[in-house]
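Subject: Structure for you to look at

Hello,

Here is the structure I promised to pass on. Please open it and keep it on screen while you read.

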Amino acid sequence: MSTQRSSQAPRSTGKLLATQGYVLGIEISGSGTRQSVALADLDGNILHQVRRPLEYIPDTTTLLQLLEAMLAEVLDPERLHGGRILRVGVAVGGPVDASQGIVRTLYHARGWDNFPLQDYLAERLNVPCIIDNNANAAALAEVLYGAGLGERVALYVGLGRGIGGGLIVNGRIYHGVTSTAGEIGHLLVMQNGPRCSCGGYGHLEAIASAQAIVRTMIGRAVEHPTTLEAIHRLTEGRAERITVGQIFQLAAEGDEVARCLIDEVLTYLAFALANIVHLVNPGMIILGGSVALVGEPLIAPLRERLRALCLPAASQHLRVVQGKLGPQASLVGAVTLALQDL
């Protein structure tokens with residue numbers, strides 16, 4: 001199923017002014033293997049949520065059928081107490097045309113090219129629906145409810161399986177002309193570098209995402225028996241299960257392979273962020289996603305590198321912080337989208 005709506009005027013649902021009822025938040029990961037549905041009140045409090053991970057990458061039909069079952073559970077009349085759903089917000093782990101409600105693609109899944117998800121859900125649920133990229137949604141949630149509370153210009157960077165970004169200016173998502181603003185993961189940082197999920201080479205996501213860090217570490221460890229032995233020790237012999245946190249742990253313990261890899265990740269991440277700082281001049285950079293769960297061992301050296309790379313006027317008031325919403329950021333973001341006007 002596909003559609004093209006680029007010639008139409010951008011949609012607007014208007015401001016949600018109701019005082020009674022509920023909203024739904026839906027999260028769909030970039031691979032389609034992780035999805036969540038949340039029922040929330042009009043203050044953004046999540047009252048009930050369902051999370052259904054899959055062990056395989058589903059096609060469009062399979063995933064939509066799973067969402068149907070999850071929605072049926074969340075929308076049980078006993079949970080709604082006579083109230084009704086007023087709006088739906090959806091956070092999608094891939095490029096989205098937010099103005100037209102279309103999923104452009106999911107790089108790690110199939111069957112989603114130019115899929116009209118907003119129309120599909122609006123017709124299924126008979127309520128207005130807003131969709132956006134998951135990093136934009138998480139960015140909005142962190143600024144309204146999390147680490148960026150009160151920030152006028154904030155940049156969110158989601159360092160997970162992929163790398164996404166969201167720019168919040170005066171409490172609103174900055175989308176750009178075609179809803180591609182914030183695609184930080186596809187910044188070119190290394191000429192002739194490793195292949196990215198989008199098909200390009202040398203993009204930040206191919207170097208500093210969780211998947212890229214783990215893949216590079218395992219590949220290099222094969223030629224270093226001591227490092228490989230340390231990885232087996234941490235993973236009980238399952239090297240493919242090593243986490244970014246464990247790689248940082250190895251680096252802290254002095255493993256040279258891990259230390260070199262982390263240094264590379266910090267270098268290219270700092271290059272990308274320094275360029276954005278000079279262009280946008282944010283007051284805060286919020287790091288989210290699984291890589292950011294490492295905390296200060298990632299953030300402290302990144303702060304130092306940004307201080308060295310940026311003009312003092314651009315960095316003197318810049319704060320680099322860990323997000324407060326953790327793994328819930330995208331789902332909270334989906335709920336937040338439902339409570340916003342476009």
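Below is what I found, from the whole chain down to single residues.

**Overall picture**

Keep in mind that this is a predicted model. The chain holds 13 helices and 12 strands. A compact globule of 342 residues would have a radius of gyration near 20 Å; this chain has 20 Å, so the two agree. Its C-alpha trace spans about 60 × 50 × 35 Å along the principal axes.

Of the 342 residues, 54% count as buried. The chain exposes about 15,600 Å². Carbon and sulfur atoms supply 51% of that area.

Next, look at contacts between residues at least 6 apart in sequence. Of these, 65% join residues at least 24 apart. As for charge, there are 27 positive and 30 negative ones, and their mean positions lie 4 Å apart.

**A hairpin**

Start with strand 2 (residues 35–40) and strand 3 (residues 46–51). They run antiparallel, joined by 5 bridges. Valine 37 faces valine 50 across the pair, with valine 50 in strand 3. The two strands make a hairpin, with 5 residues between them. Find glycine 44 in the turn: its phi is positive, about 90°.

Strand 12 pairs with strand 11 (residues 284–288) in the parallel sense, over 4 bridges.

**Helix 8 and its surroundings**

Helix 8 covers residues 244–252. Its buried residues are Val244, Gln246, Ile247, Phe248, Leu250 and Ala251. What do they pack against? The partners are helix 6, helix 7 (225–235), helix 9 (256–280), helix 10 (289–292) and helix 11 (296–309). Just after helix 8 comes glycine 254, with a positive phi of about 105°.

**Two serines**

Take serine 209 to begin with. It sits in the loop between helix 5 (205–208) and helix 6 (210–221). Is serine 209 buried or exposed? Its relative accessibility is 2%, so serine 209 counts as buried; the cut-off is under 20%. Set aside residues up to four places away in sequence, and serine 209 touches Gly160, Arg161, Gly162, Ile163, Leu204 and Val291. Glutamate 240 is 31 residues from serine 209 in sequence. In space, the two are 16 Å apart, C-alpha to C-alpha.

Then go to serine 315. This one is in helix 12 (residues 312–315). Serine 315 has a relative accessible area of 12%, so it is buried too. Beyond its neighbours within four places in sequence, serine 315 is in contact with Arg307 and Cys310.

Best wishes

Notes: Residues are numbered from 1 along each chain as its sequence is written. This is a predicted model: local features need pLDDT of at least 70, side-chain atom pairs count only at pLDDT 80 or more; totals for chains, interfaces and linings use all residues. Side-chain values use heavy atoms; hydrogens and water are left out. The radius of gyration is taken over C-alpha atoms; the globule rule is 2.2 Å times the number of residues to the power 0.38. Buried means under 20% relative accessible area, exposed over 50%, partly exposed in between (1.4 Å probe, protein chains only). Contact means heavy atoms within 4.5 Å. Accessible areas come from the Shrake-Rupley method with a 1.4 Å probe; for residues, only the protein chains shown count as cover. Lys and Arg count as positive and Asp and Glu as negative; His and the chain ends are not counted. The place of a charge is taken as NZ of Lys, CZ of Arg, CG of Asp or CD of Glu. Two strands pair if DSSP finds at least two bridges between them.
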